Amino acid sequence: MPGMTLSALPARADAVVIGGGVIGTSAAYHLAEAGVNTVLLERGSLGGGASAHTAGMVRTYFPGNPGTGQMAVRSLNAYHDFARHTGSPLGLKRLGFMALFTDEQQIADFEAGHQAQQAAGVQVGLISAREAARLNPLINERAVLAAAWSPEAYHVDGLDIVRGYAAAARNHGARLFTHTPVTRIDDDNTVHTPQGSIKAGSIVCTAGPWSGEVASMASVDLPMRPHAIEMLFTDIPPAPHRELPMTLHATSGLRIRSWKDRILLAMGAPKDAETREAWLGRIAGHLGTLFPALDGIGLHRAWSGDFDASPTNTAFIGEHPTRRFLYAAGFTGAGLCQAPAAGEKLRDLLIAK
Ligand SMILES: Cc1cc2nc3c(=O)[nH]c(=O)nc-3n(C[C@H](O)[C@H](O)[C@H](O)COP(=O)(O)OP(=O)(O)OC[C@H]3O[C@@H](n4cnc5c(N)ncnc54)[C@H](O)[C@@H]3O)c2cc1C
């Protein structure tokens with residue numbers, strides 16, 4: 001661009017972070033803050049990947065997965081303290097999170113796993129269908145047996161997290177390069193981009209849904225796959241509603257929350273052989289049963305994106321056994337909930353090397 005000086009890539013760095021979403025910027029901040037000479041390479045703009053397309057929810061209760069809950073509790077504490085650490089404010093708005101149980105086995109599973117959730121620091125309890133309907137008046141209490149209620153769930157803007165971590169990383173001396181795609185990685189950890197090459201002491205792969213591709217450049221196998229999800233808006237509901245907690249139907253995966261004067265909802269995407277109409281029909285069926293005030297309401301495409309799914313629904317955070325290649329990926333629809341703890345873990349792994 002005329003008149004603009006683009007700074008050149010340095011020849012080497014102790015850590016080269018690949019990918020500038022919530023996970024990569026958190027990693028860059030935590031590494032730079034610990035005194036590690038850090039460069040981040042992002043092929044587009046910061047936060048332009050999955051982190052720009054979220055439903056903006058952070059929660060700590062993950063049914064059946066207290067390990068992710070523990071990461072999320074640690075991360076939520078960091079978000080409450082975000083401004084003190086990064087200098088940027090983070091508007092956290094408390095909404096709460098509820099999982100609706102419609103079969104007895106789900107209640108038995110909840111009870112069996114409750115102690116492990118509590119040990120992970122997750123605040124969650126079983127409430128009756130009546131209490132659930134008091135917290136979310138759209139719920140048809142006759143269609144629900146009970147619910148898990150976790151008050152520690154918030155709305156947050158994913159891009160605020162990215163911007164806050166990126167600014168704080170730069171303040172601690174990290175260099176962040178946008179529009180700099182990584183195209184090849186050599187066995188000696190030389191990372192190539194069209195803008196030049198950089199020798200990395202350690203590579204940190206935080207490329208979200210594209211982490212498998214980036215890892216394969218270094219002959220590292222991350223068994224993860226992109227998983228499509230489409231968000232939908234309803235028409236403006238007939239009766240005005242107050243701000244609703246995020247509400248998940250545990251059986252179908254349908255989740256709803258308020259979004260300005262509408263409802264934002266998601267239930268994956270059409271299955272392989274399924275038409276879009278059939279998928280929308282399934283969603284409408286669940287809405288009519290669980291939330292009768294939304295029966296027959298118009299549904300409109302809001303936005304869609306890929307998230308990085310791991311086979312176990314638990315993120316991979318680790319390092320290759322023989323080469324200096326670290327990774328954090330596979331957050332399976334919950335990367336905002338875990339970004340601070342993921343950055344801390346990557347820092348600790350890299351420094352221990
Ligand atoms: C529709 C939708 C709704 C979601 N809602 C929520 C939610 O409410 N709460 C929540 O916690 N999570 C949610 N998620 C999941 C969340 O978006 C992800 O878990 C999170 O953003 C992952 O962050 P990341 O930094 O790993 O990935 P990304 O934000 O995708 O960042 C990876 C970056 O790597 C870059 N990159 C890729 N390849 C290269 C390369 N070769 N060279 C350089 N850079 C490269 C990409 O451009 C991208 O910017 C949602 C996801 C979707 C799709």
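**Sheet.** I began with an open sheet of three strands, ordered S3-S8-S4, with antiparallel pairing. Strands here are DSSP runs of E with at least two residues, helices are runs of H or I with at least four, and both are numbered from the N terminus. Strands pair if DSSP finds at least two bridges between them. I noted strand S3 (57–59) and strand S4 (93–94) as the edge strands, each pairing on one side only. S3 pairs with strand S8 (residues 153–155) over three bridges, in the antiparallel sense. I looked up Val-58 and found Tyr-154 of S8 as its bridge partner.

**Ground rules.** This is a predicted model: local features need pLDDT of at least 70, side-chain atom pairs count only at pLDDT 80 or more, and totals for chains, interfaces and linings use all residues. Residues are numbered from 1 along each chain as its sequence is written, and side-chain values use heavy atoms, with hydrogens and water left out.

**Confidence.** I checked pLDDT, the predictor's confidence in each residue, from 0 to 100. The protein averages 94, and 97% of the residues score at least 70. Where pLDDT is low, predicted coordinates should not be read in detail.

**Helices.** I then turned to helix H1 (residues 22–33) and helix H9 (residues 335–352), which pack at an angle of about 40° with axes 8 Å apart. Axes are lines fitted to C-alpha atoms, for helices over the stretch in contact, and angles run from 0 to 180 degrees between N-to-C directions.
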